[in-house]
Amino acid sequence: MKSVLRTCFVLLFVLGRGPAVAAPITSYSESDYEIPSNQSEASKKSFQRSLSGLYSIDSWRTAGISQPYSEFDQLYLAASLAQQELDTVIREVSLITDTQAIIPGIKSEQRAKTKIETELQGRTEQITDLARASLVADDIPSLVQAFELLNKEVTVVAVKNRFKSPTDSGYRDLKMLVQLPKSQVIAEVQIHLDAISAVKNGEEHKIYEQIQGIERQGLVQNRPLTEFETAKIAQLRAVSKNLYQDAWQQYLQPEALAS
């Protein structure tokens, strides 16, 4: 009996001498990611919770979203006051969540009227981005926290989670329509990650302008795009997608866990 126990003890000792830590994983996919084993358990759980929390935000829209006024001058005046109301909310959320508030101000009258006449077929009450603002987060936990806090401060009537379902170009953000408590006006709020926002406002914007230039030339000359032009647009879009993917991967790398 003692011999058997001794043998078991030796086997356990030998097996216990094997490597205890797996090699760090250096990249992640959205749906199947691993956390480096050299990170603290608290960091792993925090990252998993924030990422799964981001993916758990569904895209949805309340039926019959409409502004409280259908006459443009009346709505635009109300939206001016609503912009001030939104600015206060966004600044408060920014301070609490350590995100950056971007407040461009109310949409210009001319741009608003053009959008109503073209995209909205003259339905003034359907324009939802007269008052608008953005928040830019440095990391996923801050972004999720900002989203959760906004849900407590205003009535959210629509959400589009483009982290869960990115655009064809690879762009990701959270886009929300919110009803402000005092004015009852519907406003637009976008929540960005800094690196992705930088691509959108930098290199991707230049790519977008190049694509527009190619397409505009075909329209001006009243002709279909040539094979060369089509191939060039496809190439530019591929570059754009890679830029966005690289930016997104920054938030899924091991070093992001420390933030």
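Mentor: Axes here are lines fitted to C-alpha atoms, for helices over the stretch in contact, and angles run from 0 to 180 degrees between N-to-C directions. Helices (H or I, at least four residues) and strands (E, at least two) are DSSP runs, numbered from the N terminus. This is a predicted model, where local features need pLDDT of at least 70, side-chain atom pairs count only at pLDDT 80 or more, and totals for chains, interfaces and linings use all residues. Residues are numbered from 1 along each chain as its sequence is written, and side-chain values use heavy atoms, leaving out hydrogens and water.

Trainee: Is H7 roughly parallel or antiparallel to H8?

Mentor: H7 (residues 203-220) and H8 (residues 227-249) pack with axes 10 Å apart, at about 165°. Angles under 35 degrees count as roughly parallel, over 145 as roughly antiparallel, 65 to 115 as roughly perpendicular and the rest as oblique. So H7 to H8 is roughly antiparallel.

Trainee: Is their crossing left-handed or right-handed?

Mentor: A crossing is left-handed if the near helix is turned anticlockwise from the far one by less than a right angle, and right-handed if clockwise. The way H7 passes H8 is left-handed.

Trainee: How are H3 and H5 set, oblique or perpendicular?

Mentor: H3 (residues 72-97) and H5 (residues 140-153) pack with axes 10 Å apart, at about 140°. That makes the pair oblique.

Trainee: How many nonpolar residues are in the contact of H3 with H5?

Mentor: The H3 and H5 crossing is right-handed. Among the residues in contact are Val-89 and Ile-96 of H3, facing Leu-149 and Leu-150, among others, of H5. With 3 polar and 2 charged residues also there, the nonpolar count is 7.

Trainee: Which element gives the largest share of the lining of the largest pocket?

Mentor: On a 1 Å grid over the protein atoms alone, a pocket is an open set of points where a 1.4 Å probe fits, with protein on both sides within 12 Å along at least five of seven lines, and lining residues have an atom within 4 Å of a point. Here 25 residues line the largest pocket, with Arg-111, Arg-132, Glu-188, Gln-190 and Lys-200 nearest its centre. Helix H4, strand E3, strand E6 and helix H6 each give two or more. The largest share, 4 residues, comes from E3.

Technical notes
Contact = heavy atoms within 4.5 Å. Nonpolar A, V, L, I, M, F, W, Y, C, P; charged D, E, K, R; others polar.
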